[in-house]
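Trainee: Could you take me through the salt bridges of this model, with a close look at the pairs and where their partners sit?

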Amino acid sequence: MVYRSHIFLFLPILLLICSFILSLFRMAWECSASSNAALVRNLNLAGIISKPRVIEAMKHTDRKFYCPHFSYADSPQSIGYSATISAPHMHGTALEQLESKLQPGARVLDVGSGSGYLVAAMARMVGKAGYVKGVEHIQGLVDLSKKNLQEDAKHDPLIEDMLKQKRIEIVRGDGRLGSPQDEQFDAIHVGAAAPDLPKRLTEQLKPHGKMIIPVGTTFQDIFVYDKDAHGNLSKKFLFSVRYVPLTDPPSDYEDM
């Protein structure tokens, strides 16, 4: 009898937790739209993005150039090579969290840059005096993202000029090691999960810089790390996620 009473006491709490989790998923899926403008508007109405510079960057970075199937669905989509592009609400969250560091002239690193979407969005925020580097461990995705950026550049002189000036670059490398050139950045986004915070990435983060990264193995948490003037790191938990891991490249590059 006591056992049953404990169950009845626990059930409302469990239902409340499940309802909250489902509401998060529903909010994300309901952001899906039939155009990029409508998608960005839905993300704004859902409270996922609110900062004007983020909204403008996402408005001008049309996902159709970077996501060939279901471009405006708010869910991960295949981009080939057994890889996916993150859901728009995840990209919006990353841009919102890093916005204070994505200022004109800033230097930015995108680890696991995939098809190049976030590189383009960040480039629009840091402007022609800024620099954005994408690091991807699969050569096929490096080539794909370069092609996507060139297509995007046909519609935006800023992207075209930044590519010509090599202020946007995509390189092949081990994301766990950050930039192969071992440079430093004002902002770092990591689009795959690490079991622990990679030391090399923290070393490549400038003082007063900010990094967003999923950390964990089977289950991961998204953290935002801030580095102070003395190189000390503080972290903030955002929410739990399921991301692909930062790993060695696959043995073959067949388009899955």
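Mentor: What follows goes through the salt bridges pair by pair. This is a predicted model, in which local features need pLDDT of at least 70 and side-chain atom pairs count only at pLDDT 80 or more, while totals for chains, interfaces and linings use all residues. Residues are numbered from 1 along each chain as its sequence is written, and side-chain values use heavy atoms, with hydrogens and water left out.

Counting as a salt bridge any side-chain nitrogen of Lys or Arg within 4 Å of a carboxyl oxygen of Asp or Glu, the model has 13 salt bridges. One of them pairs Arg53 with Glu99 at 3.0 Å, N to O. Arg53 belongs to helix H3 (residues 52-60), whereas Glu99, 46 residues apart from it, is in the loop between helix H4 (88-98) and strand S3 (107-111); helices (H or I, at least four residues) and strands (E, at least two) are DSSP runs, numbered from the N terminus. Buried means under 20% relative accessible area, exposed over 50%, and partly exposed in between (1.4 Å probe, protein chains only), so Arg53 at 25% is partly exposed, and Glu99 at 14% is buried.

A salt bridge also joins Glu183 and Arg107, at 2.5 Å, N to O. Glu183 is in the loop between strand S5 (168-172) and strand S6 (185-190), and Arg107 is in strand S3, 76 residues apart. Here Glu183 is buried at 17%, while Arg107 is partly exposed at 26%.

Arg124 and Asp156 meet at 3.0 Å, N to O, and both are buried.
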